[in-house]
Amino acid sequence: MIADGPAEIEKKDEQIRVLRELLTRFEVQLSLSMYAVDKYRSELEKLRGERPANPTVCETMRLDWDRRARENPRYFVKTGLLDQKEEEFTGSGWDDLSKIVLPDISTICGTLRPSDMRILEIGCGIGRMTKHLAAIFGEVYGVDVSPEMIKIARRRLNGMRNVHLVVNNGSDLTVFPDDFFDFCLSFLVFQHIPSSDIVESYVREVYRTLRKNRIFKFQVNGYSADDYRNMPKDTWLGVSFTKEEISSIALATGFEIVSITGEGSQYTWVVLRK
């Protein structure tokens, strides 16, 4: 086989660049379209009387995420392709885990071995990352506000004896005792919560349920532009936090701030130590 020359390589690189730009553009358009469809379906449910007249924020979260679980759980857990294959979906969980957990594994574990640790994933969905967490850590708990998501997760992770999946109320961790976990993680969850009080409640609850000197790593939406912060919030476009706001919540709770990165972006990462 004759190798491509410099001109062919340059042409191919340009084709790849153009295709990536087109894919990014269409993915944004797809996301906006799916968001609109999801909102209209929610409105239809209200008009048909399929929802409580005045649901609480947590009831709304449960209803919305149950609907998304029934319609297309893979897409709503990891937006991108509408028709994700199981291999693609599972692989994306490992890809994210390798970027957000493995680089910090020494900080997360401290003097403990991963196999000796009991950890919590907030907003586990259908277990996209839970499966891979269970291959690293000794005992993994996953909570989600949606019974439908948890039902699918239990089916997907059937046979993994070190995984425990729990439906919680969407605002706290009262199902767990104090000083129970060695690490807590949350990704692509708080950005969908329409109430800053609920996010703050989770921070307090993680502090309560973590053991001393243990780590909480989580992602929030860090958009601080007025056009986003002034928009009505729902269970898809949730609240955002500035670095100062999330720092204030963490310190008031009693956490030590290890790091805050990605300030001002959708992927603002916060690492706290109890």
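Asp38, Glu45, Arg51, Asp64, Arg67 and Arg68 are joined in a network of salt bridges, a salt bridge being a side-chain nitrogen of Lys or Arg within 4 Å of a carboxyl oxygen of Asp or Glu. The model is a predicted one, in which local features need pLDDT of at least 70 and side-chain atom pairs count only at pLDDT 80 or more, while totals for chains, interfaces and linings use all residues. Residues are numbered from 1 along each chain as its sequence is written, and side-chain values use heavy atoms, with hydrogens and water left out.

In total, the structure holds 26 salt bridges. One of them pairs Glu45 with Arg51, with 2.9 Å between the closest N and O atoms. Glu45 is buried at a relative accessible area of 12%, and Arg51 is buried at 8%. Here buried means under 20% relative accessible area, exposed means over 50%, and partly exposed lies in between (1.4 Å probe, protein chains only).

Another salt bridge brings together the side chains of Lys217 and Asp104, at 2.7 Å from N to O. Lys217 belongs to strand 5 (residues 210-220) and Asp104 to the loop between helix 4 (86-100) and helix 5 (105-109), so the pair ties together parts that are 113 residues apart in sequence. Helices (H or I, at least four residues) and strands (E, at least two) are DSSP runs, numbered from the N terminus. Lys217 is buried, with a relative accessible area of 8%, whereas Asp104 counts as partly exposed at 24%.

The salt bridge between Glu205 and Arg208 has its closest N and O atoms 3.0 Å apart. Both residues lie in helix 8 (residues 196-209), three residues apart, which is about one turn of the helix. Glu205 is buried, with a relative accessible area of 12%, and Arg208 is partly exposed at 22% relative accessibility.

Lys78 sits in the loop between helix 3 (73-77) and helix 4. Its relative accessibility of 22% makes Lys78 partly exposed. Leaving aside residues up to four places away in sequence, Lys78 touches Gln84, Phe89, Ser92, Asp96 and Arg128, where contact means heavy atoms within 4.5 Å. The side chains of Lys78 and Asp96 are also joined by a polar contact of 3.2 Å. A polar contact is a pair of N or O atoms within 3.5 Å; within protein, one must be able to donate a hydrogen and the other to accept it, and residues adjacent in sequence count only if both atoms are side-chain atoms. From Lys78 to Gly125 the C-alpha to C-alpha distance is 9.8 Å, with the two residues 47 apart in sequence.
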